[in-house]
Amino acid sequence: MTLRKVNISILLVAVVIFLLVIHHNFLSLSDFLRRELSDPSPLGLQPIDFIPAAPQRLTDERNDQEISVVIAASDERLGGAIAAMNSIYQNTRSNVVFHIVTLNDTVDHLRMWLRSPLLKNMRYRILDFDPRVLENKVQVDPQKADTFKPLTFARFYLPTLVSHAEKVIYVDDDVIVQDDIVELYNTPLKPGHAAAFSDDCDSTSSKVAVRGAGNQYNYIGFLDYKKETIRKLAMKANTCSFNPGVFVANLTEWKLQNITKQLEKWMALNVVEELYSKTLAGSITTPPLLIVFYKQHSSIDPMWNVRHLGSSVGKRYSPQFVQAAKLLHWNGHFKPWGRTASYAEVWEKWYVPDPTGKFNLIRRHLEAYEAK
């Protein structure tokens, strides 16, 4: 009789353990399904991964306001995007959600990096960008196909990337934020304006000589005014250009004005008519933005885009000014992960080491290239 009771007890324990295992697996499956977003975008922007909520402790400490930040993350510059996101996250008390746009072959590397203890509480969404979206809109030189960077055009598709938000911030991967991003997010946009940029003629970054680029702080540096299509727009050639590496977008206005379609129109026209300046050394994303937003954009505080830190190895700004800057931007040839750019030590403060070691190899190659 005693042996029978023991057998029954063992059986009951086994049943309980089995039920607990089933329950745990069910919860894990439910969590997985919640994290995976399955609806593909009509533009080939496939949502892959999403962390929907921060731990309760962090939710209590941070403000309720959700701020959407879009950033592109290519594999060869992934360390830049990681450092940028880390600097934003560590300097804000707002609930920032990062919408990280990347290519499919970078996703696993990115996921592994984001598991770092320093980044584990960040909220993020990973989006796979399909380069086929750009077919017939970008002219790619077959001999320089490896220099084509499709992710630079992600900023053109903001309403698709962040469909639920009314307002977003876009930042390049070569920036470091030193203040609370909520201040940039709260930039007032004038009625009818879909975006706010930092003008190239502002007091901190005016008339920067970009090697081989000509006069690239006004429109004539980006557009070919010999072309009739450009002349018909009646845009003054000496109009101050703006930098599209950091901007705030009102997505309600963006959709009302069909900004994405307008940008695609000028991209396609350039393929046929070659409307961009022949001396263009900067990003080919800038000219269509200059056309579409001609005298139709608001301005951000220039301290939120202190740029040209990558234009040369020399230090064009004083240490005191760099310390006071709200956002540092290493646009130009020299990137801070190459160590030869000015104030690279500031960037290094926010860099989180690559757990795979892959980015370390990229940094060494870049250092060797810049030393030539």
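How many bridges pair β5 with strand β8 (residues 242-250), and is the sense parallel or antiparallel? β5 and β8 pair over five bridges, in the antiparallel sense.

## About the model

This is a predicted model, in which local features need pLDDT of at least 70, side-chain atom pairs count only at pLDDT 80 or more, and totals for chains, interfaces and linings use all residues. Residues are numbered from 1 along each chain as its sequence is written, and side-chain values use heavy atoms, with hydrogens and water left out.

## Strand β5 and its partners

Start with the terms. Helices (H or I, at least four residues) and strands (E, at least two) are DSSP runs, numbered from the N terminus. Two strands pair if DSSP finds at least two bridges between them. β5 also pairs with β2: the two run parallel, joined by three bridges. V70 has Y170 in β5 as its bridge partner. On the β8 side, Y170 stands opposite F247.

How much of β5 is covered? Four of its five residues are buried. Buried means under 20% relative accessible area, exposed over 50%, and partly exposed in between (1.4 Å probe, protein chains only).

## The nonpolar cores

A nonpolar core is a set of buried Ala, Val, Leu, Ile, Met, Phe, Trp, Tyr and Cys residues joined through side-chain atoms within 4.5 Å. The largest one here has 57 residues. Which of them touch the most other members? They are F98, I100, L114, I169, V171 and I181. Helix α3 gives the most to this core, with eight residues. Another core lies apart from it, with 46 residues, among them F129, V138, M267 and Y294. In soluble globular proteins, nonpolar side chains tend to be buried together.

Take I169 for a closer look. Contact means heavy atoms within 4.5 Å. Leaving aside neighbours within four places in sequence, I169 is in contact with I67, S68, V69, V70, I181, L184, Y185, F247 and V248.

## Aromatic rings

Rings of Phe, Tyr and Trp (its six-membered ring) pair if their centres lie within 6.5 Å; planes under 30 degrees apart count as stacked, over 60 as edge-to-face and the rest as tilted. The structure holds 16 such pairs. F247 and W254 are stacked, with 6.5 Å centre to centre and 10 degrees between the planes. Both residues are buried. Y351 and F359 have ring centres 5.9 Å apart and planes at 40 degrees, so this pair is tilted. Y351 is buried, at 10% relative accessible area. F359 is buried too, at 1%.

One aromatic cluster is made up of Y170, F197, F242, F247, W254 and F293. Some rings also have a charge over the face. A charge sits over a ring if NZ of Lys or CZ of Arg is within 6 Å of the ring centre and within 35 degrees of the ring normal. K167 lies over Y185, at 5.2 Å from the ring centre. R363 lies over Y351, at 5.0 Å.

## Salt bridges

A salt bridge is a side-chain nitrogen of Lys or Arg within 4 Å of a carboxyl oxygen of Asp or Glu. The structure holds 17 of them. One joins D173 and R77, at 2.6 Å from N to O. D173 lies in the loop between β5 (167-171) and β6 (175-177), and R77 in the loop between β2 (66-72) and α3 (78-90), so the pair ties together parts that are 96 residues apart in sequence. D173 is buried, with a relative accessible area of 7%. R77 is partly exposed, at 25%. A network of salt bridges links R77, D173, D174 and K335.

What does R363 bridge to? Its partner is E348, with the closest N and O atoms 2.8 Å apart. E348 is in helix α12 (residues 344-348) and R363 in helix α13 (residues 358-370), 15 residues apart. R363 is buried, at 4% relative accessible area. E348 is partly exposed, at 28%. A further bridge joins K232 and E228, at 3.5 Å from N to O. K232 counts as exposed, at 64% relative accessibility.

## T252 and H193

T252 sits in helix α8 (residues 251-256). At 39% relative accessibility, T252 is partly exposed. T252 and H193 are 59 residues apart in sequence, with their C-alpha atoms 9.9 Å apart in space.
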